[in-house]
Amino acid sequence: NCKVLNIKDTPFSGAQHGVAIYSYNDDATARTINILNNEISGFQKNAMALNASDTNPLTVNVDGNTVTGYGATNITAQNGIQVLGDIVTGTIQNNILSGIGYSGASWVATTILNYYSDVNIVSNTVTNGHVGIYNIDGTANIINNNITAQKIGDYGYGIVASDPPLAVPSPFDRPQGENKAKNGPEALTSVLLNGNTVTFSGPDNTFTYGIEADAGYGPNDLSITATNNSVSGFGVGFGVYQCTSSCDVGVFNYLNFNNNNILANTLGFETNLASPVLAENNWWGTALELQIQAMISGPVDYDPWIGKAETVPVSQLTPTVYDFPSASVKMVFTTLPLNGGNVTVTRYNVAPTPFPSGYTNVGMWLDITSTMPNYSFDVTISVDVFGIAGFDASTIVMYKTSGGTWLAVPGGTYLASDPLFA
């Protein structure tokens, strides 16, 4: 509940000091630092730098702060929240950050910068970011953040995992001699990206990347799981790259991108890997395979995709469960006509228009058809809504009749955990 203002030179300069909140733990004592509900602006280099030497434990809790940077500048590469240390843990959550951008050469400014630490980065709002979140060789859960990135200088990034050569971070007080190698069992760096909304803002999206992962620029192997994210407007929505020159030994250990909305990017997915990247069951803004293929550069396993029709022959009553995995749908029938028939489900992550006034579409539309005469069956339909922002027990399920009328579906049960989808 403090205001930390104007920690800077007069005039504002490129000298690498001017940190609003600073810590450095190096005396072998475990400490916890709580930075809560502060207003920080007018700093020169960093809003905060929470650092520890590589043998000192530090726990950080950065929650509810408002950070305002200088804006796009060629004077210094600012950082908003910086956490640095090999055995640093903690949470960065519910912060509102804006105006961190560097228009000069050689460096990028980063709104949330994690160096080596194992942290949860959750529910932060970033606007006007040069690099929204930069995670370097730290195991991290990056969840439910809302990031608006801009092209400032030559590049722009939403979320970066590891350390691509075109995006060189500029941390405050990085210990000398660090080689970006995690100690011991954490030679594998695991990053979970879930539920983030990453949006590009600006007229020129060339050399901009929504979510990028890079391996081989450091010694650690990298595991990336990206689910339920929405990435829109970038030159490249998702980029997955292995180092090709002057490389270290790190490689991708695991890659899985699924149930993401990849919308209105020049390229939806780009990779230089030799083996296909697993990117099934994503919504590309279209159900047409040729249009999806045009959004991909490099080997990507995109099939099945959200919007691909799934047809299943149905002939058995309960307890038989019929599965439509791309649509996240399961069906159990209690009555069927003689010999049954086929059921086809197509999922879209956008509802047909016009949508009824007074309602907000949460982003799922199921087109269900059947060859059975007069649709003469009774069925319980279960839908996995995990990861759909805004869907909860109060959400109303709507049905669109063949005549175009929208009706509320009576009944139904919302389960926070459904054993059918365990």
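Student: Where does Val409 lie?

Tutor: Val409 is in the segment that follows strand 37, the run 406-408. One thing to keep in mind: this is a predicted model.

Student: Okay. Is Val409 buried, partly exposed or exposed?

Tutor: Partly exposed, because its relative accessible area is 40%, and that label covers the range between the 20% and 50% cut-offs.

Student: And which residues make up the nonpolar surface patch?

Tutor: Val397, Tyr399, Leu407 and Val409 make it, and the patch comes to about 350 Å².

Student: Switching to charges. How many salt bridges does the structure hold?

Tutor: Five. As background, oppositely charged side chains can pair when their charged atoms come close.

Student: Let's take some of them. What's the N to O distance for Lys308 and Asp303?

Tutor: Their side chains meet at 2.7 Å, N to O.

Student: And how exposed are those two, Lys308 and Asp303?

Tutor: Lys308 is partly exposed at 30% relative accessible area, and Asp303 is partly exposed too, at 31%.

Student: What about Asp27, which residue does it pair with?

Tutor: Asp27 forms a salt bridge with Arg31, and the closest N and O atoms are 2.7 Å apart. Asp27 has 41% relative accessibility, so it counts as partly exposed. Arg31 is partly exposed as well, with 36%.

Student: Then there's Lys330 with Asp323. How far apart are N and O there?

Tutor: That salt bridge has an N to O distance of 3.3 Å.

Student: Is Lys330 buried or exposed?

Tutor: Buried, because its relative accessible area is 14% and the cut-off for buried is under 20%.

Student: New topic: Gly233. Where is it found?

Tutor: Gly233 sits in the loop that links strand 22 (230-232) to strand 23 (236-242).

Student: Leaving aside neighbours within four places in sequence, which residues is Gly233 in contact with?

Tutor: With that exclusion, the contacts of Gly233 are Phe200, Asn205, Leu263, Ala264 and Asn265.

Student: And what separates the C-alpha atoms of Gly233 and Gly202?

Tutor: A distance of 9.0 Å, with the two glycines 31 residues apart along the chain.

Technical notes:
Residues numbered from 1 in each chain as written. Predicted model: local features only at pLDDT ≥ 70, side-chain atom pairs only at ≥ 80, totals over all residues. Heavy atoms only, no water. Helix = DSSP H or I, 4+ residues; strand = E, 2+ residues; numbered from the N terminus. Contact = heavy atoms within 4.5 Å. Salt bridge = Lys/Arg side-chain N within 4 Å of Asp/Glu carboxyl O. Buried < 20%, exposed > 50% of the residue type's maximum accessible area, 1.4 Å probe, protein only. Patch = residues over 30% accessible without salt bridge, like charges linked within 9 Å, V, L, I, M, F, W, Y side chains within 5 Å. Areas by Shrake-Rupley, 256 points an atom, 1.4 Å probe, with all protein chains shown as cover.
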